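Visitor: I would like a close look at one part of this model. Please take it step by step.

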Protein chains: 4
Amino acid sequence: MPEKSNFILIEGIAQRAVYEQEVEMVERKGKGHPDTLADNVSEAVCRELCNYYLKSYGSILHHNVDKALIVGGRSAPSFGGGTVCEPIYVVVAGRAVTHVMKGGSIDVVPIGNIALRAMRECIRRTFRHLNLDEDIILDYKIKQGSADLVKVYEIGEKVPLANDTSFGVGYAPLTDTEKLVLEVERMLNSDEYKKKNPAVGEDVKVLAVRRRRKVDLTVACAMISRYIKNMDDYIKAKEDVKEDVLKLASNYELDVDVEVNAADKPSLGLIYLTVTGTSAEAGDDGNTGRGNRANGLITPNRYMSLEAVAGKNPVSHIGKIYNIVSTNIARKVYEETRKVKEVYVHMLSRIGYPIDKPLVVSVKVVPQDGVSLGGLKYDIESIVEGELSNVLRVRGEILNKPFEC
Amino acid sequence: MPEKSNFILIEGIAQRAVYEQEVEMVERKGKGHPDTLADNVSEAVCRELCNYYLKSYGSILHHNVDKALIVGGRSAPSFGGGTVCEPIYVVVAGRAVTHVMKGGSIDVVPIGNIALRAMRECIRRTFRHLNLDEDIILDYKIKQGSADLVKVYEIGEKVPLANDTSFGVGYAPLTDTEKLVLEVERMLNSDEYKKKNPAVGEDVKVLAVRRRRKVDLTVACAMISRYIKNMDDYIKAKEDVKEDVLKLASNYELDVDVEVNAADKPSLGLIYLTVTGTSAEAGDDGNTGRGNRANGLITPNRYMSLEAVAGKNPVSHIGKIYNIVSTNIARKVYEETRKVKEVYVHMLSRIGYPIDKPLVVSVKVVPQDGVSLGGLKYDIESIVEGELSNVLRVRGEILNKPFEC
Amino acid sequence: MPEKSNFILIEGIAQRAVYEQEVEMVERKGKGHPDTLADNVSEAVCRELCNYYLKSYGSILHHNVDKALIVGGRSAPSFGGGTVCEPIYVVVAGRAVTHVMKGGSIDVVPIGNIALRAMRECIRRTFRHLNLDEDIILDYKIKQGSADLVKVYEIGEKVPLANDTSFGVGYAPLTDTEKLVLEVERMLNSDEYKKKNPAVGEDVKVLAVRRRRKVDLTVACAMISRYIKNMDDYIKAKEDVKEDVLKLASNYELDVDVEVNAADKPSLGLIYLTVTGTSAEAGDDGNTGRGNRANGLITPNRYMSLEAVAGKNPVSHIGKIYNIVSTNIARKVYEETRKVKEVYVHMLSRIGYPIDKPLVVSVKVVPQDGVSLGGLKYDIESIVEGELSNVLRVRGEILNKPFEC
Amino acid sequence: MPEKSNFILIEGIAQRAVYEQEVEMVERKGKGHPDTLADNVSEAVCRELCNYYLKSYGSILHHNVDKALIVGGRSAPSFGGGTVCEPIYVVVAGRAVTHVMKGGSIDVVPIGNIALRAMRECIRRTFRHLNLDEDIILDYKIKQGSADLVKVYEIGEKVPLANDTSFGVGYAPLTDTEKLVLEVERMLNSDEYKKKNPAVGEDVKVLAVRRRRKVDLTVACAMISRYIKNMDDYIKAKEDVKEDVLKLASNYELDVDVEVNAADKPSLGLIYLTVTGTSAEAGDDGNTGRGNRANGLITPNRYMSLEAVAGKNPVSHIGKIYNIVSTNIARKVYEETRKVKEVYVHMLSRIGYPIDKPLVVSVKVVPQDGVSLGGLKYDIESIVEGELSNVLRVRGEILNKPFEC
C-alpha cells in the first residue's frame, strides 16, 4: 500500500480553462428521458434494497443493480388525446444477496417485491400522465451474486473493501454554460412550471453549444397531447418554452439562442407529441449509465468516468463512491483554496483494499493566473486526506438526499 | 446554416499533452466482458440488418439497436470441469423498419430471424467454450419505430439527414499507455495466445495507471476451468499471463508492473475460475455503451463521447458517424501536419440537416513546442472539409471492417 | 351441407345414469386456483377486446387469447404475516386484430393496454390480499393473426363462419354430487363467507368421490397468514370450514364426510398457509383450459370437451360457442321434455361454414324408465333447431353475464 | 385406509358400447401441432431431469414441469420458399429441486441447461425444417418448489406418497375409429411418409366423426413451402394425402370420406402453406395438457382425465401415474377376461398416502352380451391388485419408451 506522499499526485495541466475555450458543448437528459429513467429505476431499486437490508440486518448487504433496460412502447397520440398501444417495458437487472443466514435459519430477501415497489414508486414520481396500470410493464432480473463476490464482502472489515479496481472522476467548478443547461431542465421539470405550462412533458433534453459568448440551446420537449388541442396550441406551448428559457438565460452573461423541438415539420404533421410525456412511449429505448454523469451533465469537454453511478451499492462500489468523492474533493479544492480556475480529480481503487486507501488520487489543476501550484499542494493534500477519512459519510449523503441523475 | 468559416472552430487549449502529464489512467474491457459483449451483439444485429436491407431494397433503412442487456447466469465451475446452471440471458432492443411497401404489397422484414442469427454468430465467434445451445438464451425486442421517425427518414435527400442533435468526439494520437492497454488485451485474446495458454478466457479486462514512467497494469482474466486441474495450474496460468504481458510491455519505454486477478485469495478458495471464459456466466451483467469508446479504450483523461457507437445505423445516426469522423479528422491532423502533440475534435450535428453540414466542428490543438497555431489553421480546415465531403464513405468503412469495440 | 334430418342424430345410450352408478368423481378448482386464474385472465382479456372492438368498429373483430401461463412465485408466509418474495408472473398469449383500416388510414388497436387493464382488473376482483403492485407481474404476448385467418374472417356473411372443424360437448342435468361440489366452492368464495371466516383464501379446490350414497369431500383451502396468528387459529379455521361445508351438505340426501387440507402435518409445521390466498404465490403454476369445463366442473364420469372456453372469441370460435350451445340444448331437452334421466349433446362444426350449420349434432339420451326414445325425437329436433336459429344470441349471453369458470 | 374389498368398486354401466353407438367423434393433434409440442417439450424436460437426478443422486427428485406455453411466430411463406419473420417462443414452467445437500455442501442442479438441452433436442427431433438457431426462442421458468412440497417428498417411504388428491382415467379397447385416427396421423408423420411426400409438415391434425359406418375424416396438414412450387404442387400434395389416407382406411370396415385442409380457398390464395411445417410459425399458440390424452387421442365420447400427463414426475404425480395405471388395468381387463365390450377405470389417490394405496379404484364395465358381471369381479380385482403391487414398474415403463402424446 503506497504512502500518502505517494498516492496523492498533484499537477498543473492546462493554461486555458474550459470557460476560456472558444467552444464548449454540454448536454442534459431530463428525468423523463429513457436513459435517465433507466438510471432512476436502477437507483430506486438500489436504495430500497439498502433500506431493507439496513432495517432487517443492520447493514447494507452486497448488491449491484446498475443494469436496466427500457424498451419503448408504441403509441397513437392525437390532439387532445390518444393512447399508448404497446406498453413500455422496464427491467432492472443485477445482483443482490437473496438469502441471509440468521439465527440458524435462512431468510429469503423479497427481492422481487422490493424491486417492483421501488420501480413503481420511481415511475409514479417521474410522470404525471403515464398510467402505471396500463402503459408500462415492470420486470426485474436480479439474482444472487456469485459465491465468490459474496464471500469477499463478508470478509469485510470496518472500512469496506473496494469491489473492483476501478476509478472515479470529478471536477469543479461548473461553467456558466453547464449551470445554464442544468437550470433549464430543472426549471422545465419543476412542479411550478408544470402548473404554468402543463403540456411540457417530463422528457426534456437540453443541449448547448457555446462558441465564445454565443450559446445555441436546443431544447427537445415531449409535449403531452391532452393539453394540445390543435397545432396552434402546440406552437404556443413551444413559444412559451422558448420565452421562459430565454428569460432564465438572461441571468447569464451569455448571448443565448433557443430552438425548441428542432425536428418539427408542422406542414408534414411531424411534431413531438406524446400521450405520456416521454419518448419512451413510442420507440425510444434506454439503458442505465448512458446519460448524465454524477453531476447531472454530459460534458464532452470534461474528463468523465464511464461508470454508471445509478444502481451501484454505496458501500463498496467504487464506480459510485469514487465518482462522488472525487467531485466532493474537486469542489472543496475550488471553494476552499479560491486559487484555481479548474480542478479535476481522478481516484483509482484497488480491489480488496479498504476504500479509504485508494491506489492513486490524481489532482489536476488549472491555477489562477499568477498562482504557483507549489503553494497549493499542502492544502489540496489536506482536503484529499480529509475526504478519505470521512469516506464512510458519503454513504449517508447518498441515501439521505433525493437521487437525481 | 453557418458558412464554413463559421462552423469550423480551431483553437489551442493546453500546454501539457496527456503523455506529458504525471498521471494517466486507461482501461479496456476485452471481447468477452459483459459490456463489450453487449456492444458486440448490438453491432452484429445492426450490421446484419444493414446487409439485409441493402440486399433486399438497395439501401439501408432506418434502425437503431443500440440498447442491449446481458443478464449474467449462474455457474458452478470446478477444477477440470463444472457447469453453467442458469444460462446467460441476452436481449437486444431497439427500432427497425419492419414493413416495407414494395410494388403495391407490404414486405415483412424478418427482424426476429435476422437478430437471432446475428447474435448467435457474434457469440459463437467470441467464445470457445460457451455452449450456444445450453448456456445462453438469446432474445430480441426490436420494434417498428414511431411513424414520425420513419417519415423523417423517407424524406431524405442524397446526403442523409442527421437523426438527432448530437455530437461525436475523437482525438489523436494514442499515448504509449493507451497503446499498451490495447495491445495487451488483443494479445491475450488472439488466436495464437489461446493456443499457447488456452485457460485464459475471453473476458479479459486491462486497467493501467501511469505515474510518470511507472505503469501499474491490472489484468483480470476469467480462467477456464476445463484447463485448470488444480490450484497449481491456476497459479501457473496467471504467471504465464504476467510474464507474457511483461514481455509485450518491454517494447515500451515504460516501467511496467503487472498484477493478474488481484482479487484472488487462494487460501480461501477465492479465484477467478469460470466454465465458459466470461464472468457473465456467474453474475456479471452488461449494457451496450458502457464499455470501450470507438477507439477501443476507456480514457478518463481524454474528452469522450457517451454515445454508444455499437448498434446505431451507419447512415444517419450521428452518435456513430461523428464519433468515427471526428477520430478520422484527429488522426489526419496529427499525421499530416506533424506539428501537433495532441488534437481533439468535437462535432455537433443539427437534427434534420444533412450530415455533411454539421453545426460545429471544434478542433482543439496542443501544438508542438514552438509551433504557432495560426500556421496550421488552413491545413486543418482542409482536412475537416475533405472528411466531410467524403462522409458517405464512412458508412462503407464501418460495414467493411470487422467490428471491434 | 347435410339436411336437418341428416345432421341431427338422436340415440339412446345407457341404462344407468351417472347418479345411479356406484362411483362418481367430481372436482372444482376455485377462482383463486392457478388454472382457474389462467382461464379468468384469458377470458377477461377476450371480453375487454370484444368491448373495445364493438365500441370502436361496431363489431367484434377476430381474436383468440385462450393461452395463458401463470408462473407461481415464491413466498415466506408466517403466522400473522409474511411476504411474497418472488412475484407471480402472468402472461396471456394469443392473436387479435391489431390494425384496422378505417376511412383510408390505419387504426392501431391498443392491444397492450387493453390486455393489461383487463388482467389487472380480473386479478383485483379475484383476490383480497394480493398486492397488485408488488406481488405479481402482468405481461402479454398477443400478436396479429396470420393474414389467412384474418381474411377468412373478413369474408364472413351475416352468420359467422366456423373458425375450425371442432366440437362442443354439453350435458344435463347435474347430479347431486356435482351440485354439492359447485355450491361448496361458491359458498367458500362468497363475499359473505369471507366476512365470516376471512382466513379462507380464494384458492379453494373441492374434490368429491361418491360411493353409492357416501361422499368423501376433500377441500383444499389456502389459508391467509395475516388472519392466522398461531397453530390454534389455523386448526380453528379448518374446523370452521369443515363445519360449514357439512352444514351445506346436509341439504343433500348424501352421507358426506369432509376433510380440509388433507396434506397438513402440523407436527412437522407443514400446513397450507399463504400470504395472498393462492398457491400460485409459492410454486403452483397454471395454464388456460386445464381446469373446470364450461359448467364449472371437472367430471371424469361425463363426456367432456377438451377445448378451453376461456379466451376464445364468442363470434366464430366453435370451441367456445358449441360448448355453450350444446349445454343449452341439453338443459332444454332435460327440462322441457321431462322424460330423460340424462342427455349428452356433441356438436361438430365444419371450418368455413356458418356456425348455425353444424356438420353433426349428436344427442345421446338416457330416457326415463318406461319412456321410448321414438316419442322424444321430434321434440329434441325442435329444440336443436331452435337453439341453432338463435345461435347469435349466445354471443350476447356470453358477454352480458359475469364469466365464471 | 380402506380395505381392498372396499376400495375396488366394480359395476356395469351401459348397454351400448361406443362402437355400437350411432355417433362417435375422435381427434388427434399430430406431433407438430402447438399443443402437442407444448406437451412434448414439457415431457422432454421432465425426462432429462429424471435422468440427471438419477445419475447424480440415485433417485428422481421432486419436479413438475407440466406447464408450457408456445407463442406462435409470424412468417411469410411463399411457393418454393419464404421465411419466418418472428420466431416462435417456447417456455416451460414448473418446479424442480434446484439445490441438493450432499456431503455437507450444497449442489446446484443446472436446471437451466437441462431444460434448454431437452427442449432443443425435442424440437430438433420433431421438425425437419425448423431452423433451431433462428426460427425459435427457447426459455424456461422453473423454480424451486415451496419448502412444504419438498419436505413432503423427502419424508417419503419406499413407495412414494401421492403428491395430491387427484385421479386418473383409462379405458379399453380402442374403437376402429380411434385406431384409424391414430394410424392416419402416425402414417403421415412417419419417416417413410416424409420421404414419399416431403411437403407434408409435422403439424397434422386428424378429426373423425363416425355416423353409423360412415366416417368423415378431416385432415389438416401444414404444407411446407420449399416443396410446393405452385398451386398445382399444392393440390397434388393434398390429393396424395387423401389417396394415402383412403388406402390406409380401406383396412377398416368403415365407409370413409377424407377432406384435406378443408379451409382452403385457392381462388383467394388461401391455402395452408408454412415454411417450417407447423402452424406455430404464424399464429397458433399452444399450452401443455390441451391436446391428446395419455392414449394419444381426444375422445369426447369417452371418460377422460383433464390432467396433463406430460411434464409430471413419474414418481409421485398421480395425474401422470394413475392415468397410465388405469389404462393398463383397463387393457388387461379387456384382454385377459375377453368377456367385456368396454371397460373404464377411474383411480383416486389420497394426498400423502402411498401411491399403491388409492382411495378408490372404480371399474365400470360393459359386459359382453350374455356375460354376468358377478363372474368377472374376482378376475378384475386380481388384475387391479396386480397392477397396484407393480406400480413402481410404471416409472420405468415411462422413462424407457419414447414419449408420444
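Visitor: What rotation, and what shift along its axis, superposes chain C on chain D?

Guide: This is a predicted model, and the answer holds for the coordinates as predicted. Chain C is superposed on chain D by a rotation of 180 degrees, with a shift of 0.0 Å along the axis and an RMSD of 0.0 Å. The two copies are therefore related as by a two-fold rotation axis. Within chain C, Ala14(C) has the C-alpha nearest that axis, at 2.2 Å from it. Both copies use the same surface, since 98% of the contact residues of chain C recur in chain D.

Another pair of chains can be described by its contacts. Between chain B and chain A, 62 residues of chain B are in contact with 63 residues of chain A. On the side of chain B that touches chain A, strand β6 (residues 88-96) of chain B gives the most, with five residues. By type, the residues on that side of chain B comprise 31 nonpolar, 17 polar and 14 charged.

Then there is the matter of confidence. For the complex, the predictor gives an ipTM of 0.93 and a pTM of 0.94. Chain A has an average pLDDT of 92, and 95% of its residues score at least 70. Confidence in chain A is highest in helix α5 (residues 176-188) of chain A, at a mean of 98, and lowest in helix α4 (residues 147-155) of chain A, at 41. Over residues 148-153 of chain A, pLDDT stays under 50, and the model has 14 contacts beyond four places in sequence for them.

Notes:
Residues numbered from 1 in each chain as written. Chains lettered and ligands numbered in written order. Predicted model: local features only at pLDDT ≥ 70, side-chain atom pairs only at ≥ 80, totals over all residues. Contact = placed C-beta atoms within 7 Å. Helix = DSSP H or I, 4+ residues; strand = E, 2+ residues; numbered from the N terminus. Nonpolar A, V, L, I, M, F, W, Y, C, P; charged D, E, K, R; others polar. pLDDT = per-residue confidence, 0-100. Least-squares fit on C-alpha atoms with pLDDT ≥ 70 in both.
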